[in-house]
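My entries follow in the sequence in which I looked things up.

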Amino acid sequence: MIVLSATNNHYFSMTQQMLYSCNRILDSTITTFYILDTGLTPHQVNVLTTHFKFFDIKIITYPEELCKPQTLITYSFKCWLIDYVYKLCGEEVYMWLDAKQMLKYRQNEIEDMLERCAVWGTTLFKSEIIESVKETDWTHPTCIKRMGLTTEMVKDKKQIQSNGFIMDLRTPIGKEFFEEYKKYSFDKETIAPQGSFKHMHISIETHRQDQSVLSVLMHKYGFSDNHCLFSTFHNTIFD
């Protein structure tokens, strides 16, 4: 299994907690972490590679030419890293965990999920505000249209979260999904349509960028119910 994440100086302590949450849950003999360095200090890099040796951790340096504000990579860094590692490692299970996520499911539970479907996202947070959010509340209509759907088709669907997601790229459907995910993630007008804003207010301008692309694509493939709490924001406890 390949686990991917990204971190910087601000999220460094959270990244450590994320790694601890994976320890003794994932089989360290078959798990490799690839972490995109988006602003770590040399000391922090040393901490991750020295004090977390229960996993094979590889730090990937953020390409300097892609660090400029408003470049495409600003919006699609998750897909960029998955694609980069896929070219190195080939057919594997790829799990993305944001630095603030905590892994909750054990490896056998994740394997059971993948037996049922090759692609999974995480469930919306259970709050009065967020639980009621629909796809069209957080995804710009331009994105939906460019991905071959209509707002009518997704207006009653919940937006699936991308703070934790899994793609089984050992399977034909997983690879097909990833190729389409990559296509739209690297298309500026899909992942960051002109006039859209990345915030959490419900409005026609709201657009969650990489999360919107992942969620709309999951609805397109009929994976609307493929989300669960295999990972959660920090150690959030749900009723």
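I began with strand 1 (residues 2-7), where 6 of its 6 residues are buried. I take helices (H or I, at least four residues) and strands (E, at least two) as DSSP runs, numbered from the N terminus. Buried means under 20% relative accessible area, exposed over 50%, and partly exposed in between, with a 1.4 Å probe and protein chains only. This is a predicted model, in which local features need pLDDT of at least 70 and side-chain atom pairs count only at pLDDT 80 or more, while totals for chains, interfaces and linings use all residues. Residues are numbered from 1 along each chain as its sequence is written, and side-chain values use heavy atoms, with hydrogens and water left out.

I then checked the two faces of strand 1. In a regular strand the side chains alternate between the two faces of the sheet. I found I2, L4 and A6 buried on one side, and V3, S5 and T7 buried on the other.

Next I looked up the partners of strand 1; two strands pair if DSSP finds at least two bridges between them. Strand 2 (residues 32-37) runs parallel to strand 1 and is joined to it by 6 bridges. Within this pairing, V3 has F33 as its bridge partner. The chain passes from strand 1 through helix 1 (residues 12-22) to strand 2 in a right-handed β-α-β crossover. Right-handed means that, with the strands pointing away from the viewer, the path from the first strand over the helix to the second runs clockwise. Strand 1 also pairs with strand 4 (residues 93-97), in the parallel sense over 3 bridges, and I2 stands opposite Y94 there.

Strand 2 and strand 3 (residues 56-61) run parallel and share 6 bridges, with F33 partnered by I57. Strand 2, helix 2 and strand 3 form a right-handed β-α-β unit. Strand 4 is joined to strand 7 (residues 161-168) by 5 bridges, and these two run antiparallel; V93 stands opposite D168.

What is the order of the strands in the open sheet? I read 7 strands in the order 3-2-1-4-7-6-8, with mixed pairing. Strand 3 and strand 8 (227-228) are at the edges with a single partner strand each, so one side of each has no neighbour in the sheet.

I turned to helix packing. The axes of helix 1 and helix 2 (residues 42-51) are 12 Å apart, at an angle of about 5 degrees. Helix 1 is therefore roughly parallel to helix 2, a term for angles under 35 degrees. Axes are lines fitted to C-alpha atoms, for helices over the stretch in contact, and angles run from 0 to 180 degrees between N-to-C directions. F12, T15, Q16 and L19 of helix 1 meet Q44, V47 and L48 of helix 2; contact means heavy atoms within 4.5 Å.

I examined K182, which lies in helix 8 (residues 172-185). Is K182 buried or exposed? K182 counts as buried because its relative accessibility is 17%. Its side chain makes a polar contact with that of D83 at 3.1 Å. A polar contact is a pair of N or O atoms within 3.5 Å; within protein, one must be able to donate a hydrogen and the other to accept it, and residues adjacent in sequence count only if both atoms are side-chain atoms.

Key:
Parallel < 35°, antiparallel > 145°, perpendicular 65-115°, else oblique.
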